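Trainee: Could you take me through the salt bridges in this one?
Mentor: Fine, have a look at it first.

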There are 2 protein chains.
Amino acid sequence: MPTGHTAERVAVDAVSNDGRESAGLYLDRIRRDVDTALARFMDEQLSESVDESLPPLAEVVSRFVTGGKRLRPMFCVCGWAAAGGDVATPAAFRVGAALELFHAFALIHDDVMDASYYRRGKPTVHRMLAMRNDVPNDGTSADRFGENAAILAGDVCLVWSDMLLHDSGVSPQRLSDSRRLINTMRTEIVAGQYLDIDTSENDNEAELSRAWRVVRYKTAAYTVTRPLQIGAALAGGDESLLRACDAYGCPLGEAFQLRDDLLGVFGRPSVTGKSALDDLRDGKRTVLVALARQRATPAQNEVLRSLHGDPELDEAGADRVREIFQETGARSAVEEMIVTRRELALDALEQAPVTEQARRALRELADSAAHREF
Amino acid sequence: MPTGHTAERVAVDAVSNDGRESAGLYLDRIRRDVDTALARFMDEQLSESVDESLPPLAEVVSRFVTGGKRLRPMFCVCGWAAAGGDVATPAAFRVGAALELFHAFALIHDDVMDASYYRRGKPTVHRMLAMRNDVPNDGTSADRFGENAAILAGDVCLVWSDMLLHDSGVSPQRLSDSRRLINTMRTEIVAGQYLDIDTSENDNEAELSRAWRVVRYKTAAYTVTRPLQIGAALAGGDESLLRACDAYGCPLGEAFQLRDDLLGVFGRPSVTGKSALDDLRDGKRTVLVALARQRATPAQNEVLRSLHGDPELDEAGADRVREIFQETGARSAVEEMIVTRRELALDALEQAPVTEQARRALRELADSAAHREF
């Protein structure tokens, strides 16, 4: 075994073999190395805090970030590798971990806004904070404390994300060159969230166009394109590579979100880790829903209007809504869209000026968007 | 008039004269040039937004940031000048404006957490957003929309603050060197806010120590020391200057917060722009309150327990609480603390390795902490 063969080196060695299996290993290794970087950073925040008040927040955040699929870090490290960046250095994984902390910021605030109870099969951060022992146990004020503390937990995740990014080991010049892209991602997610909470009424046409915009900002750009581009830019990728990231990332990111929307309604809770009622009760305005509305008969639209977004919706009502998604052909249309988009992404990937190890990993990530059940 | 004599140049010319009046002019000019930089940046966000959903948030934020005393930008530009930085370049004011946007982030979230109605004599951001025309006008959901949108408005202010900082014109290396300090400030404000919302009970001793910690993070560091140090570091100031910023900033920042606490209880609303009942109704746990509790007779403590933090407190009740602050000597103790701290700050300033123009401006800022009525 050569010297310098550290834990971080292993990820790159795994792909020096050929074929799907070693590429699969590759993604697993990215995930593991990102987890390690993230855990190490959170331990530092727990032990070197500016004030003794922060550890309670750091603890909750630490527990929260142990979950998650690590999609954004994986795309980010792939972008880094695509630009020929050395994935044997810890910097790639630290940058990936920084994106995961950014994601924690977005999710924590999102859950406060949606008043969600569960995330990743566990209580949401605001609920964990509300249940803290030393909070007066009189319902409302504990809930309020939980929400307020979660706003702060989200805020500090955004700050920590920036700290980790800055301390990643990437040169100041590279970080500076990539900061516009990073801030664009940060702005886009806020725009997507705002679109999501804005409840002003639209006609069916506008509703579909808005649903697509949410997909674009909240997922396509945020989950795939931007992490890829940020990884690529931090490793010195040029404009043509950044465009290729978009050509692959945009359709693939859409495919991911469309899959997510289907899973939110038709997925098995034991697999997805969340109730298949939540999206329907929240009245989440997805492309699936907008398509169903457009295609529905007046009678079906009447049912959708009364059941979709009903916070008390039961399983029978949910089944009625699911039937309409089927009967209108909205579900199969979305399934087709996923297939088409995955193919578009794969075609773009074949043309892309990326390293072969990155191409292999990105191919596998594209497959998971079409087939995933989680 | 020499060429290159732009609007930004004027600020430095004003201090080439002597005496208080020109120094006063100097602070006014900093304020004006920061306002200009901030307004220009916000106009860009309104016109070059990543999505049409952002302008509503940008509009509300634009209106919100037109208010404020600009204390942090003023300290920041003074820090810049203290390090010998050229205050004739726009970079100093852009950095100051970036701190003001950071402050907007902190205030907007703070107001959501406190469910405050007014800020700077106007409705708070979450209330402005709740009152937007196209929101369904049924009370609860409008309020909820306002809070959620304000969480996002705060988030985007933090992102914009970073964008403006990055595009300020300061070199990547300087920005990189200063980023640890910037992220420390960002973390400290979260720690201070968390201390502020944590309602767990303490004995009187612990209560006083906690009140001081809130003062330290929420104001002393955040309003004075960190902005000064950030300005100094961005202009290339060394470690000894950063320590001097702390020696001056720490007592002065405490004086500012103590003054603020007094104004929150004894100030005239027409001058402070906020009700003199809010702090008392919120049960704000200030040094003033902690001192009064420590010194109060059992009977007085009984009154404080029942009235301080009562959301329905009326003027008669508030007067009763104010009397206890007087009778216990807590008010005059706080007044004395302000005087002592201002003197400590001024002594430190005389020793500090700063430029003369910075010393003059910082002297004037110290005076305003002791005398201000706003």
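What follows is a short chat about salt bridges.

Mentor: This is a predicted model, where local features need pLDDT of at least 70, side-chain atom pairs count only at pLDDT 80 or more, and totals for chains, interfaces and linings use all residues. Residues are numbered from 1 along each chain as its sequence is written, chains are lettered from A and ligands numbered from 1 in the order in which they are written, and side-chain values use heavy atoms, with hydrogens and water left out.

Trainee: How many salt bridges are there over all chains?
Mentor: The search finds 56. A salt bridge here is a side-chain nitrogen of Lys or Arg within 4 Å of a carboxyl oxygen of Asp or Glu.

Trainee: What does A:R226 pair with?
Mentor: Its partner is A:E188, with the closest N and O atoms 2.7 Å apart. A:R226 lies in helix 9 (residues 204-234) of chain A and A:E188 in helix 8 (residues 172-197) of chain A, so the pair ties together parts that are 38 residues apart in sequence. Helices are DSSP runs (H or I, at least four residues), numbered from the N terminus.

Trainee: Are those two buried or exposed?
Mentor: Both A:R226 and A:E188 are buried. Buried is under 20% relative accessible area, exposed over 50%, partly exposed in between (1.4 Å probe, protein chains only).

Trainee: Switching to chain B, where do B:R320 and B:E323 lie?
Mentor: Both are in helix 15 (residues 315-327) of chain B, 3 residues apart, about one turn of the helix. B:R320 is partly exposed at 31%, and B:E323 is partly exposed at 39%.

Trainee: Which residues are linked in a network?
Mentor: A:D162, A:R179, A:R186, B:D162, B:R179 and B:R186 are linked by salt bridges.

Definitions and conventions
Helix = DSSP H or I, 4+ residues; strand = E, 2+ residues; numbered from the N terminus.
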